[in-house]
Amino acid sequence: MLAKGFVTIVISTIALIGICLLFAPSSLSHGALEGSLPFAAVIAIVGLGQLLVVQQGGFDLSLAGGVSLAVVISTHYPQGDDALLLPAVLIAIACAIVAGLANGILVSLFRLNAIVATIGVNALLYGGVFAVSGGVPKTTTNLLAAIAGGRAFGLPNSLYFAFVALLVVSFTLKKSAAGRRFEAIGANPLAAQAAGLRVKLFQLLAYVYAQLLYCVAGLLVAGITREPTAFQGDSLLLPSVAVVVLGGTSLLGGRGFPISTVIASFFLNQLSQFALAVGVPYSAQTIIQALALGFGIGVYSIRWTVNTTRQTKPV
């Protein structure tokens, strides 16, 4: 049986495409899609990272700092030298692991509130962002621009990165024993602990894996944008939560829906393109994302029931 979230987001996406064809066909033009799909892929990747944390009943507000740090490391460390790109990527990955461990230790071991802990780590990450960049943007290397911003078989390379991330997350969650334990812990940590599962370890790893996905997204943003700012991650925080909710994952934790989350990423991206095409100012994009988040919460909060009671007539 198909999950309710999957059916809802697929129908919503089809309906949105129909509305775009009727009222704003320019939002579905080749040029519009070519410019917007790479950013939809980035939203999908950060959404998958946020999904892992939400499944454990938390929120990761350090996403913005994690993405931005990967951006500035990959642009400032190489200084335009392609030969230094690999060391820069390795440094960014190492920083992502450290940030994820910091979040995970604070939340799972020290039992701090996830919002408070990740806000603190986000502040530290932005301290690193300014230490590396000084607040000054740098042009990315030609190699990273070719990898992240290039095309293969007629599609942006970023879509392939998003597809690989989806495959890894989906397979791990749905086809592995570790993934089933992960979802069981998110649904009921106390029961999982009583059953002998390593609750704290799985909660900690959720934040580490999330930061690694944010790092990938940051590297893609650096290549796509060519001269990114030190605040590139700020615009991705709200969409990351919105696509998780639109995909049908409960904010209380438990079962997650990676495929629905990725579809929701493209739905949210196309919704923004439609709004721009009909004349809504770019400054209103945050309001649109907030409305999408509210829509998702509202839809999945409704209890759909069917009255199966039969009225029997007296003989």
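1. In this predicted model, Arg 226 is partly exposed, with a relative accessible area of 37%, a value that falls between the 20% below which a residue counts as buried and the 50% above which it counts as exposed. Arg 226 is found in the loop between helix 10 and helix 11, the latter covering residues 237–246. Most residues other than glycine have a negative phi.

2. Gln 79 sits in the loop between helix 3 and helix 4, where helix 4 spans residues 85–109. With a relative accessibility of 51%, Gln 79 counts as exposed, because the cut-off for that word is over 50%.

3. The largest nonpolar core has 76 residues, and those that touch the most other members are Val 42, Ile 45, Val 46, Leu 48, Val 67, Leu 213 and Leu 236. The element that gives the most to this core is helix 10, residues 199–225, with 14 residues. If neighbours within four places in sequence are left aside, Leu 236 is in contact with Val 42, Ile 43, Val 46, Leu 63 and Val 67. As general background, nonpolar side chains tend to be buried together in soluble globular proteins.

4. How do helix 2 and helix 12 cross, and at what angle? The axes of helix 2 (residues 30–55) and helix 12 (residues 258–277) come within 8 Å and cross at roughly 140°, and the two helices are therefore oblique to each other, given that an angle has to be over 145 degrees to count as roughly antiparallel. Their crossing is right-handed. On the side of helix 2 the contact includes Leu 33, Ser 36, Leu 37, Ala 40 and Ala 41, and on the side of helix 12 it includes Pro 258, Thr 261, Val 262, Ser 265 and Phe 266. By class, this contact of helix 2 with helix 12 has eleven nonpolar, seven polar and no charged residues.

5. Helix 3 (residues 63–76) and helix 5 (residues 114–133) form another packed pair, with an angle of about 15° and axes 8 Å apart. The two are therefore roughly parallel to each other, as angles under 35 degrees are given that description. The crossing of helix 3 and helix 5 is left-handed. Among the residues that make the contact are Ala 64, Gly 65, Gly 66 and Ser 68 of helix 3, together with Asn 122, Leu 125, Tyr 126 and Gly 128 of helix 5. When the residues of this contact are divided by class, eight are nonpolar, seven are polar and none is charged.

6. Is Ser 158 buried or exposed? Ser 158, which lies in helix 7 (residues 157–175), is buried, with a relative accessible area of 0%. Leaving aside neighbours within four places in sequence, Ser 158 is in contact with Pro 38, Ala 41, Ala 148, Leu 220 and Ile 224.

7. Val 116 has its place in helix 5, and is exposed, with a relative accessible area of 54%. The C-alpha atoms of Val 116 and Asn 103 are separated by 9.9 Å, the two residues being 13 residues apart along the chain.

Notes
Residues numbered from 1 in each chain as written. Predicted model: local features only at pLDDT ≥ 70, side-chain atom pairs only at ≥ 80, totals over all residues. Heavy atoms only, no water. Core = buried A, V, L, I, M, F, W, Y, C linked by side-chain atoms within 4.5 Å. Buried < 20%, exposed > 50% of the residue type's maximum accessible area, 1.4 Å probe, protein only. Helix = DSSP H or I, 4+ residues; strand = E, 2+ residues; numbered from the N terminus. Contact = heavy atoms within 4.5 Å. Axes fitted to C-alpha atoms, helices over the stretch in contact; angles between N-to-C directions. Parallel < 35°, antiparallel > 145°, perpendicular 65-115°, else oblique. Left-handed = near helix turned anticlockwise from the far one by under 90°. Nonpolar A, V, L, I, M, F, W, Y, C, P; charged D, E, K, R; others polar.
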